[in-house]
Amino acid sequence: MPAAQGPGSWDLAEFHQELSALSERISDLRGRRDGRPADILGALDLALVELEVAEDELRTCMEELHAHGERIAQRVEGADREWQMLNTTFRELPVPVFLLSPEGAIHRANDEAARLLGSTGEQLTGQPLAARVQAEYRRVFRSALGAAQRGARPGPLPLLLTSTDGTSAVRIQLAQLRTPPGARPLISAVVLSPDSGESPDAHDPPRPRDDAARTDRADAGTVHRAIAASNRTSIRDRSPDTATQRDEVAMGVRRLDVVCRMTRLLVGEPLRPGPGLLERAASLLADEFSARVIFFLVRAGTPHQVAAMPADAPPYARPAPGPRPGTRAGREASTATAQRVARAVISSGAALLEPAPPVDGVTPRPLGPVLGVPLGTGPETLGALVLLRCGGSHGFTLPDLGLLEELGQHLAMALLAERDHRRQENAAQVLQFSLLPSELPEIPFTEVAGLYRPPGGGPQVGGDFYDAFATLGGWGLVVGDVCGKGVEAASVTAAVRHGIRTLSVWEEHPDVVLEKVNHAMAVQHPTDRFVTAVFAHVRAERGQARVRLASAGHLPAAVLRADGTVGFARGGGRPLGLYASPEAEVEELVLRGGDVLLMYSDGVTEARDRDRSFFDDDRLLTALAGTRGLSAEAVVSAVEQQVMEFAGGSPQDDLTLLALRVVPQEEDRS
């Protein structure tokens with residue numbers, strides 16, 4: 001039997017061994033009973049001994065299990081008491097403490113923290129603490145919260161917290177808490193009071209001030225007096241050196257934060273700012289500067305409003321009676337003022353800062369200070385950015401002016417880049433479509449359909465082309481692909497396309513036409529670019545068409561027969577522009593009613609899916625076989641759709657298709 005010499009000494013493995021041995025002895029007794037029935041009394045005595053051993057074993061097991069359960073209950077009871085003690089300590093701490101999620105939402109708040117905000121802990125749970133921080137200090141608070149998330153320990157942060165009783169100037173210490181593995185990380189926010197030896201405003205959050213404000217103590221203290229009044233305290237002199245240093249640090253942090261956020265907006269949609277970006281920029285600036293923000297762009301020499309974002313006055317401002325910016329009258333008044341300022345800024349190309357007019361106590365003043373900066377870099381001014389605050393708000397500072405002038409330059413560069421991008425895109429589209437036929441000819445007894453899809457990824461001229469035209473003794477169909485993209489590739493495309501068209505007037509053999517174009521490229525267009533092309537000379541009659549197909553290094557044309565069978569032509573040959581002779585591969589085909597000849601570029605078979613697999617020849621033949629009985633236009637459309645779906649809607653290469661279908665006699669209406 002396992003020894004039990006104290007708590008935790010009972011061995012479960014040894015118990016299993018004893019139990020196995022008991023089972024073996026019981027089996028042995030059963031064998032003795034069957035083999036020697038006369039010795040039943042001896043076997044019974046042995047069985048009783050084994051039962052006694054088993055009883056002792058089980059009794060010991062039960063005692064150990066009972067003792068183990070009591071120890072677990074004691075641990076749970078102790079842990080519960082410890083948790084209750086810690087919970088009570090947290091709630092009754094004489095210091096306000098918040099436990100925050102990594103996103104800044106209040107996870108728990110003790111009684112002092114809830115009392116500070118004039119609420120209860122249950123009501124505060126789930127609310128973002130930043131919502132209780134006055135608007136102009138939220139950026140600094142969020143920056144410190146991000147630092148705490150990364151494991152840093154920023155120093156005590158001076159802030160203004162808003163509660164139901166007003167505002168309180170406090171310092172908050174943020175720190176990341178160590179939580180058990182698998183538990184959600186938390187950040188502690190401990191609210192500290194100002195040191196007893198300092199003035200009540202010594203830890204007020206720093207505010208940007210201009211040069212004049214630093215020389216005039218009465219003007220410089222306007223905002224601080226408002227803060228002190230909300231806390232029912234008075235302002236005493238502070239150390240100018242300490243205040244200036246703190247103001248400069250806060251100003252630099254704020255400037256960097258605003259510039260970074262604006263940069264994210266500009267980079268978020270590269271080269272495509274448009275009105276949507278200006279709307280988001282207006283929202284960012286309205287929130288940052290507590291003002292109504294309006295963007296103007298110059299069109300036909302006149303500034304036109306393109307984006308606006310209204311905003312109420314900041315919490316510490318007390319607007320004079322009159323229309324508020326959020327009302328219709330307020331918006332009309334602010335828009336008229338903004339238009340006047342925008343015209344002045346655009347005409348002069350310089351910023352304009354208008355302080356709020358003095359209050360006469362009689363005339364309602366819906367608007368306060370106004371700031372306008374040009375959107376421009378160098379001599380050209382694209383528009384203006386105007387910020388307006390409501391009556392009673394404090395004025396814009398010189399640091400505000402400098403920051404907004406820089407942002408105006410950033411936005412102007414984005415607008416200029418977008419304008420150049422749009423011009424390049426339009427020029428590329430005009431050049432690209434000048435290389436394609438405006439319409440395809442009607443070839444008797446056949447249907448012809450073509451399609452070109454430019455490459456994705458911005459404005460650029462692709463290297464593919466297709467054409468259909470009358471030739472000597474018939475009709476010509478051609479698909480080509482120039483090595484590379486861009487303007488130089490387009491010039492080679494134009495030369496090859498028009499050369500094939502021109503020579504086909506005098507020459508009906510497509511291989512001879514390609515050979516002469518190859519010679520012309522060597523003489524007139526010496527370049528390292530080459531061209532692959534497939535050229536079909538077609539003679540059509542009722543019910544069939546004879547095709548002479550010449551290939552210069554191009555992909556082989558595909559053929560769909562009326563009975564549904566599919567296959568490829570031979571293809572082959574050498575590209576144009578590389579050798580003295582292209583040695584074009586020539587093949588004769590006869591297409592009958594319902595047959596389709598499909599010519600295409602490598603943008604079809606080299607399209608890739610997410611796994612980087614190609615839309616290869618087999619997939620092309622499968623797609624073509626599924627178009628049996630369709631018109632030439634429907635064939636082209638169906639193949640394009642399957643390629644686009646395979647490539648996720650955005651193939652990286654240009655795509656060209658040209659189909660010729662012989663009309664069956666039963667469909668012939670001519």
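Me: What makes the length of helix α5 agree with its number of residues in this predicted model?
Reply: Helix α5 covers residues 138–149, and the expected span of a helix is 1.5 Å times one less than its number of residues. For the 12 residues of α5 this gives 16 Å, and the end C-alpha atoms are 16 Å apart, so the two values agree.

Me: Which residues of α5 are called buried, and what follows the helix?
Reply: Buried means under 20% relative accessible area, and the residues of α5 that count as buried are Arg 139, Phe 141, Ala 144, Leu 145, Gly 146, Ala 147 and Ala 148. After α5 comes Gly 151, with a positive phi near 95 degrees.

Me: Where do Phe 445 and Arg 612 lie, and what is the phi of each?
Reply: Phe 445 is found in the loop between α12 (398–434) and β11, and its phi is positive, about 65 degrees, although the residue is not a glycine. Arg 612 is found in the loop between α15 (602–605) and α16, and its phi, near 65 degrees, is likewise a positive value in a residue other than glycine.

Me: How do you know that β19 and β20 are paired, and in which sense?
Reply: Two strands pair if at least two bridges are found between them, and β19 (residues 596–600) and β20 (residues 655–662) are joined over five bridges in the antiparallel sense. Leu 597, for instance, has Leu 660 in β20 as its bridge partner.

Me: What makes β11 and β17 the edges of their sheet?
Reply: The open sheet has five strands in the order β11-β20-β19-β16-β17, with antiparallel pairing. β11 (446–453) and β17 (566–568) each have a single partner strand, so one side of each is left without a neighbour in the sheet. From one strand to the next, the twist averages 15 degrees.

Me: Which strands do helices α16 and α17 touch as they pack on this sheet?
Reply: Contact means heavy atoms within 4.5 Å. Helix α16 (residues 617–625) touches β16 (558–560), β17 and β19, and its direction makes about 140 degrees with that of β17. Helix α17 (residues 632–646) touches β11, β19 and β20, and its direction makes about 30 degrees with that of β11.

Me: What lines the largest cavity, and what is its volume?
Reply: A search of the whole structure finds four cavities of 30 Å³ or more, and the largest has a volume of about 60 Å³. Its lining includes Val 534, Leu 549, Ala 550, Ser 551, Glu 585, Val 586 and Glu 587. The elements that give two or more residues to this lining are β15 (544–552) and β18 (585–592).

Me: With which residues is Ala 584 in contact, leaving aside its neighbours within four places in sequence?
Reply: Ala 584, in the loop between β17 and β18, is in contact with Asp 511, Leu 514, Ala 550, Ser 551 and Gly 573.

Me: Why is Asp 287 called partly exposed?
Reply: The relative accessible area of Asp 287, a residue of helix α10 (residues 274–289), is 37%, and the residue is therefore partly exposed.

Note on methods. Residues numbered from 1 in each chain as written. Predicted model: local features only at pLDDT ≥ 70, side-chain atom pairs only at ≥ 80, totals over all residues. Heavy atoms only, no water. Helix = DSSP H or I, 4+ residues; strand = E, 2+ residues; numbered from the N terminus. Axes fitted to C-alpha atoms, helices over the stretch in contact; angles between N-to-C directions. Buried < 20%, exposed > 50% of the residue type's maximum accessible area, 1.4 Å probe, protein only. 1 Å grid on protein atoms, 1.4 Å probe; cavity = no way out; pocket = protein on both sides within 12 Å on 5 of 7 lines; lining within 4 Å. Points joined across faces, edges and corners; volume = space filled by probe spheres on them.
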